[in-house]
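Here are a few notes to read alongside the model, written as one colleague to another.

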Amino acid sequence: MTWETVIGLEVHVQLATQSKLFSGSPTKFGAEPNTQANIYDLALPGTLPVMNKEVLRMAVSFGLAIDAEIGKRSVFDRKNYFYPDLPKGYQVSQLDFPTVGKGSLTIEMEDGTEKVIGVTRAHIEEDAGKSLHEDFQGMTGIDLNRAGTPLLEIVSEPDLRSAKEAVAYLKKLHSIILYLGISDGNMAQGSMRCDANVSVRKKGETEFGTRAEIKNINSFRFVEKAINHEVERQIDLIEDGGRVVQETRLYDSELNETRSMRSKEVANDYRYFPEPDLLPVVIDDDYIAAVQATMPELPNAKRARFVSEHGLSDYDAGVLTADRAMAEYFETVVTTCGDAKLAANWVSVDLLGLLNKADKGIAESPVSPEQLGTLIARIKDNTISGKIAKTVFEAMAEGEGDVDQIIENKGLKQVTDTGALESLVDEVITSNPDQVEQFRSGKEQVFGYLVGQAMKLSKGKANPGQVNKLLREKLNNG
Amino acid sequence: MLSKTVTELASALDRKETSAVELTQAFLDRIQQLNPSINAYITVTAEQALAQAAKADAIRADGNAGPLTGIPIAHKDIFCTTDVLTTCGSKMLHNFISPYSATVVERLEAAGAVMLGKTNMDEFAMGSSNETSHYGAVRNPWDQERVPGGSSGGSAAAVAADLCAMATGTDTGGSIRQPASFCGITGLKPTYGRVSRFGMIAFASSLDQAGPLTKSAEDAALMMNAIAGTDQRDSTSLDLPAEDFTAMLGDSLQGLKVGLPKQHFSKDLNPAVSDLLQGAIKVLESLGATVKEVDLPNNHLSVPSYYVIAPAEASANLSRYDGVRYGYRCEDPVNLEDLYKRSRSEGFGDEVKRRILVGTYALSAGYYDAYYKKAQKIRRLIKQDFDAAFEDVDVILGPTSPHTAFKLGEKNSDPVTMYLEDIYTIAVNLAGLPGMSLPIGQINNLPIGMQLIGPSFGEARLLNVAHQYQLNTDWHQQRPEV
């Protein structure tokens, strides 16, 4: 029996505003508990929400980035339930009239294939606080610092057909929100949280199977593992004659399993109704155009431009534009050195290799794009060879200084002085009589060996082009 | 002296016939004497009042006094005030001291008014008789066996019994106008959004509006000048240019077109109330007004739709009272659910619980369309009825309440009887319009008011009509013997 997996993702993105969605409290991560909660966040009697306009701009910019319908009249609703970290007893969210309507984004799989994934909607809502169970014996602590932090909940269509596609979708979303600068996208700190609706059906069937919602997935890796585990569980269950129950399941990353949290069949009735303390948010075409005007170049457009403007391969362009900071790094390198192809190689091979090894992000790179650009410029102006450049690069990564400084200090400057090179070549000819003889008798392959000897003798500093030229002249004239 | 209007007191202060401190002390003395029987105040803030009064006297001495400087005021206990209890008439907030003050309170303080204390009210403003208060019923100064109306019953009784010169109230379905009628004073519910709701404890957010309870329309206009105006802390407050509500008071009523809703003057109208209304109409006609019948065809749907919308909003607004962060908490909760259940069961009174239940039901899955959504549709129809009527008339006139103040306990047994108390006032809240009540006579020595309704932002015109009426009658000057 072959099974098909159907996945839809609900992604909560914490928007990177200075203050909360409906109050002036700051939103910094990691502050002392309850130091970032004001009278509204505490739900004191008589307090009222005032919307942070920056949240609207961010939501609209996301909508534009995924070619979505923008809600010109969005309405906030109250979602009612009791929980200690929800001080008002309701969460302000958007039900029927979200700010972002239907849109889509294109994901790329590892084999290079592309797929368009529908986005049903993205709505603005406030985050809840946190219940702290560990630090209090027999009691629960409440931290309301997070209460009221703006979230954008992005709901996908059930268009994803594998855990890998889900990860690709999530990575694409991550890339877009980072490009837009609307969130730090830090999954470990909860700035981006993912719930997955997973169901299976027999291949060829058109009806969806019963789905389970998996909550609490907080890394790309866990998304894949959690979904795969859940798919397996559901298939096993059905093949053993059971049926999948519609429920919420919690992913436990330590045990790599999902377990039932609460049954949605006896779920809360949230009793949504329009939030009377807020007016509908009405925006016009001018507002949308103004947001559009401030939009940065997005990954797909940047990728296409890197191909056309910098002459990169589509693959290289894809690698370099996956991350906005990486793309900006690359472009600074190009501006500094003037050679896009060399820059692409250095950034995607040497720099990425270095960062991966050190488990660092581009923002923490020990080598600045200006430094790398200068390094490439020194290759191009023949100050150093490509090989020596690797040495200089490693030294820069160790923090030994700027390019020219390192070349100077380590005496790595390429030898281009004809006199010095001539004596070098002479020495090679003298100390390798056999090979010289072989070359002269027509064995062209030996030439490479002799060049290598010259380079070795110069400790790599000799200009290889000049060595080539001189050596050939001397051998032919000898 | 204590029965004087704000305008009269201000000139007495200007003429140095008295000082704010003396005046405040005199009111405090009267409160001490009469409040034990009338129970208009939950909290009296004597010390702060005298300090504020001294400050007001200094301001007056510097020649910087405004119309409200040094005038003693009472605030309904629904407005948050720093340093003083704000109970909202509930056991749930029996220990609540707000760290911030309501915009209305701040603005009146800035205008120099002296706060005497916080007045009694129906619990969370849910009631029409002031009998649902956790702090005991308020007695009507005209007859202490009777209710003062509600929910702003404490404020109305305090004004009528000269326990303050003016008071704040709130009106969600008639809570300023009905007690004004029962107590023989003037009360104004402004256009929704005219006065900031920031710091005013919410009952039904889309209907709640603060307004003045005073001894004259002129006083109400002066209070409106202080409290009205946009507030960035309330997203539903209207961004209108500042308005002088006293500017039109002296205008002639020549040519004024008064609409009489046929639904308000049906055969069901109490004949004694009808007679007094006819008398008031004659006064306005003698001042140049003309009257014509107007139709409010959906008026009969206002009470049922109100009792879906208001409880629905209340059910969410009151969720925050969970015993976790402030207010009443049950003793020794065994777990979270126990904490919620017992804190709320013990902290809320019956009427509040009834409305939370009704509201929760109305919003429940499967019932939402039949109740909440339908009620919202009716609300739009009611608004359209008024809009159509105001194409033909300037103001609408009718009864505020079906009758004079009833006896304590008389209507407690049947909530629906109590809900029908607001049959003439509720539509005004649903439509978001300004409405006021002013006394037009007495039945068996009990005062009764008429209601004037205006189009949105028509407060100044309402106050003008009321002021002109009061210049030609003396019902607003009648005081109970307490």
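This is a predicted model: local features need pLDDT of at least 70, side-chain atom pairs count only at pLDDT 80 or more; totals for chains, interfaces and linings use all residues.

Which residues of chain A does the UniProt annotation "domain: Asn/Gln amidotransferase" cover?

1. The annotated stretch. According to the UniProt record, an unreviewed entry, the annotation "domain: Asn/Gln amidotransferase" covers residues 328-475 of chain A. Over that stretch the chain is 72% helix and 0% strand.

2. Domains of chain A. The assignment divides chain A into domain 1 (3-289), domain 2 (297-410) and domain 3 (418-477). Taken over C-alpha atoms, the centres of domain 1 and domain 2 of chain A are separated by 36 Å. Six residues from domain 1 and six residues from domain 2 of chain A make up the contact. On the domain 1 side, helix α2 (residues 163-180) of chain A gives the most, with four residues. By class, that side of domain 1 of chain A has four nonpolar residues, one polar and one charged.

3. A sheet in chain A. Strand β3 (residues 77-80) of chain A pairs with β4(A) over four bridges. Within β4(A), Val92(A) is the residue that stands opposite Arg78(A). As background, strands of a sheet pair through backbone hydrogen bonds.

4. Nonpolar cores. The largest nonpolar core has 148 residues, and Ile73(B), Leu116(B) and Cys164(B) touch the most other members. Leaving aside residues up to four places away in sequence, Cys164(B) touches Phe27(B), Pro72(B), Ile73(B), Ala74(B), Leu116(B), Ala158(B) and Val159(B). A second, separate core of 59 residues includes Tyr40(A), Leu151(A), Leu160(A) and Ile227(A). In soluble globular proteins, nonpolar side chains tend to be buried together.

5. Where the chains meet. How many residues of chain B are in contact with chain A? There are 34 residues of chain B in contact with 25 residues of chain A. On the chain B side, the elements that give two or more residues are α9 (302-317), α10 (336-347) and α11 (350-363) of chain B. The largest share, three residues, comes from α9(B). The residues on this side of chain B divide into 17 nonpolar, ten polar and seven charged.

Key
Residues are numbered from 1 along each chain as its sequence is written. Chains are lettered from A and ligands numbered from 1 in the order in which they are written. UniProt positions are given in the numbering used here, feature names are shortened, and annotations may be inferred rather than shown by experiment. Domain bounds come from an automatic or database domain assignment. Two residues are in contact if their C-beta atoms, placed from the backbone, lie within 7 Å. Ala, Val, Leu, Ile, Met, Phe, Trp, Tyr, Cys and Pro count as nonpolar, Asp, Glu, Lys and Arg as charged, and the others, Gly among them, as polar. Two strands pair if DSSP finds at least two bridges between them. A nonpolar core is a set of buried Ala, Val, Leu, Ile, Met, Phe, Trp, Tyr and Cys residues joined through C-beta atoms within 7 Å. A residue is buried if 20 or more other C-beta atoms lie within 10 Å of its own, exposed if 12 or fewer, and partly exposed in between; C-beta atoms are placed from the backbone.
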